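Here is a short briefing on a few helices. Look at the sequence and the model first, then read the points below.

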Amino acid sequence: MENFFSALAELYRRAGAPPYRRLIKHGKDQRPPVVFSDATLSDWIAGKTVPASARPFRVLVEGLQAMADRRRNPDYRAQELAWWEVLRRRAADERRGRQGGRRAAVVDMPPAAASAAEAPGQPLADVTDPFQLEVHPAIDASPPGSEPLPLLPLYVERQHDMVLGRVVRAAAEGASGLAMLVGSSSSGKTRACWEALSLLPDGWRLWHPADAEAALDRLDAVVPRTVIWLDETHNSYLRVREGRVGERLCNRLRTLLHDPTRAPVLLLGTMWEEVWDRLTTQPAAGADDLHPRARTLLTSHGIPTPAAFTSDEDQARLTEAAGADPRLGQALAKAGQQITQYLAGVPVLMERYQVAPDGARALVRAAVDARRFGHGRDIPLPVLRAAAPAYLTEIQWNRLAGQEDWLAGALSFTDADCRGVGGILTRVHLRPGEPQHTYPLYRLADYLEQHGRANATAAPVPAEFWEALLEHADPSELVRIALAVREMGLSRLAVLLGSEAARKGITDAYLVVAEVLIVTGRIEESLAWYERAVQAGDREALHSAASFLKQADRLPQAMAWYERAASAGDRESLFSMAATLVGLGRLEEALDWCERAAEQNAGDLLWVADTLADHGYLDEALPWYERAVDAGETSALIWAADSLAAAGRLDMALTRYEKAAETGHSGALARGGNVLVAHGRLDEALTWYERAVDAGDNSVLLSAAEALAARDRVNEALDWYERARRAGRDRAPVAAAKLLADLGRWEEALVWCERAVAAGSSSEPIADILVRAGRASEARKWCEQAAHAGRPRSLGTAIWLLMRVGFVEEALVWCERAAGASPPETLTRVGDLLSEVGLTAEALQWYERAVQAGDIEAPRCAGRMLAEMGCLDEALTWYERGIQSGDTEARHRAVQALVHAGRVDEAVIRLARGALVGEHGAFTSALFMLESAGRSAEAESLRRSGWEADGTTSREWSAPPLPQPAEASAGYRRDRALP
């Protein structure tokens, strides 16, 4: 049980010890809301009680881990939710045992939702072919005449395998979990998942659904002890631009993971880094939030899978295994750290592509463009056949066209086996019993696809390419491509593709076209498409139309659409409209909508109260707070008190804090103290803090100390810091030392530093205080002690401090020592340190070493340094190197530097290029940039027209006529009712 409490307390600390109000709001923002109280949170974090229910605890951990991730703690790694759930169950079990209650077995399993015979998948014991699960075949390195090697090379575990193993073992013990391995193509993601299956005991099943629709069809039949295999999740299940089906699947998967009656289930998936970033990153202000459910499902479940074997431990295990497997030996000798890529045949595939004849290369280029513009993995041959000639020069085409069957020859080349790992563009062979297609399908090698995306330029995409899609692509694929190009800012193409899909009977297309039309300002046209979507049974169209009409300041129309959505059962529309009316000051109307939305649910009542208070209607909010209290949500007392305090109504606030404390909210006393401090009533605040300590809340010890220090009551502050230190508050000694150092009381400060080090803190604060005191030689001793500690952060700080006190040569020796046995990013950190002390030339040398060692972030860091020095053109050269290496952040930094220098047109061009290779938010950023530069007319023109596929602004266009109502083809129709 102590492990549980210490782990939760550490997570809370890593998250920055956020105020409970923030965590309460996080719970309230969930759907359905999770209602936390100050007392509950205080009891959990202080180790007084174990959470009794899984979902509230899971929501708390998700929120804290997201906050910790944003703080970028270098030595922090988020644990999987499954790990936390096992820890919680064990703690609850232990506490019941101590209290004389019945001990519940952690691995007790609920009855299955369906019999195994009816459940999807097959027994895990029957899964013996790794290639059926998309594990990459390895190169053939068998010596001539030797015995055949095993199917797969020996496996060498790395750090991500340990993280993955914790999730799988937790599932084996009864806790449902999700592990999403995130990395570049051929980095070993799928192989790691395959190896992790061996950790599961007998009795488990494995289900590998074909795509998102297949998963949705059978998800309710999944039984406990099932692995749901979602390899290449970004391709088949959560395709970035195919938001609606993917969002429904995310919602259903999250429900499954959180359903204790169906536990344990284990979701194993793999995803490319750039797709992970797009799915999990909060959209910029003003941008559409296309993936809220994917973000909720995936956040804190990603396991980074590096492309290289970088650590000493990795290399040692690899060297040992290479002696027993010639494939590993060959990879180690020829590929350095890029072992997994070599084994998957990446060099062979790249060489094959580079020597490809003209026809084969044209097919691959057409396939790359099809994939980067949103087509599914399996591309019909008619699309490739029609598009490929446009990628050839006139001379090349004339030479090929004279051949009897150039296409057969080109496909033979692309489909040919590359030393056992498949070709660069291979035909998809369906298994017996699978639905057969009327035309052959071809699949591009993963690495070539990723390479093609990273190296795509803004060169014009042939018009014949789009014509090939419109003529030959599956109509359902046209919808996906329309969604993809819409996100890129290619509005005209999105409407063209979507309207063609609608004409061919795909009902999803109506909403896609409607949304493009309305965001481009063609409101009247869009409403006709929205109406057609509603007629086709699409409930989501009602809320979408209302939201966009509200943004366009057409409130009466928005209210009518919100009313229709609410009548169709969409409660979110009630909340949206209520908030809108409150914001407009139309209070009487707003309260009517609030009454309809709240339904006497405590969380909803609290939402209404807080919405009113946030907009300045505090007197109107207070009765809603009271209603929430009456409904059982006593934390509403604290929310009301906070709002009253913010409005300066201190006595009313203190009364409610008192009531909250009486109901068991220990945090209420701390909040009351904080409010009194803010209003200059420090002595009264100290009384509240003492009461909080008596109630078990030691966090206020630091608050009291800091308040006293801020008012120069230093000796009293030190007394409270001492009490905090004795209560185990690790920050107290360092804070006291800094206070004394600021006052020039150096010897006393160093005594507190010694206490901090004795309590486990790093020695860097001592060195820093000595530097400020002018005692450089003593600081040097502490720098060396920090370096000897062996932690990357300590080593980096030690080097920086040595440079700061003038020991540059010695610092450079430490730099070499840091580089000798460290991953490539350490070289970049050394470059950063040199940059900070003004050694620019030396910094560039270290950045170059980092690039050569494989750190893709090094060019961005070099570019930032040069940009800050005013050397913009040199900075852009480095940023371009980063972009070519796949660092999408480098393009963002280059754009920022150009804007800062007033070169807005160049910045917009770079954003257009970024959009065309799939960088999220580029189009919205370009609009914002133009508006910020005072070029509103250009921004509006771009918003209305969008970009073309060559990055130029489209000419004025109109939507095609709305297709006549048609019955959707059974093979293409999508049920888009909300789950």
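Helix α25 is mostly covered: eleven of its twelve residues are buried, meaning under 20% relative accessible area with a 1.4 Å probe and protein chains only. This is a predicted model, where local features need pLDDT of at least 70, side-chain atom pairs count only at pLDDT 80 or more, and totals for chains, interfaces and linings use all residues. Residues are numbered from 1 along each chain as its sequence is written, and side-chain values use heavy atoms, without hydrogens and water.

**Helix α25**
- α25 covers residues 508-519. Helices here are DSSP runs (H or I, at least four residues), numbered from the N terminus.
- Its buried residues include Asp508, Tyr510, Glu515 and Ile518.

**Helix α38**
- The buried residues of α38 include Trp720, Tyr721 and Glu722.
- They pack against α36 (682-694), α37 (700-710), α39 (731-742) and α40 (746-758).
- Gly728 follows α38, and its phi is positive, near 90 degrees.

**The α39 and α40 pair**
- The two helices pack at an angle of about 165 degrees, with axes 8 Å apart. Axes are lines fitted to C-alpha atoms over the stretch in contact, and angles run from 0 to 180 degrees between N-to-C directions.
- α39 and α40 are therefore roughly antiparallel, a term for angles over 145 degrees.
- Their contact (heavy atoms within 4.5 Å) involves Ala732 and Leu740 of α39, and Trp746 and Trp752 of α40, among others.

Note on methods: Buried < 20%, exposed > 50% of the residue type's maximum accessible area, 1.4 Å probe, protein only. Expected span 1.5 Å × (residues − 1). Parallel < 35°, antiparallel > 145°, perpendicular 65-115°, else oblique.
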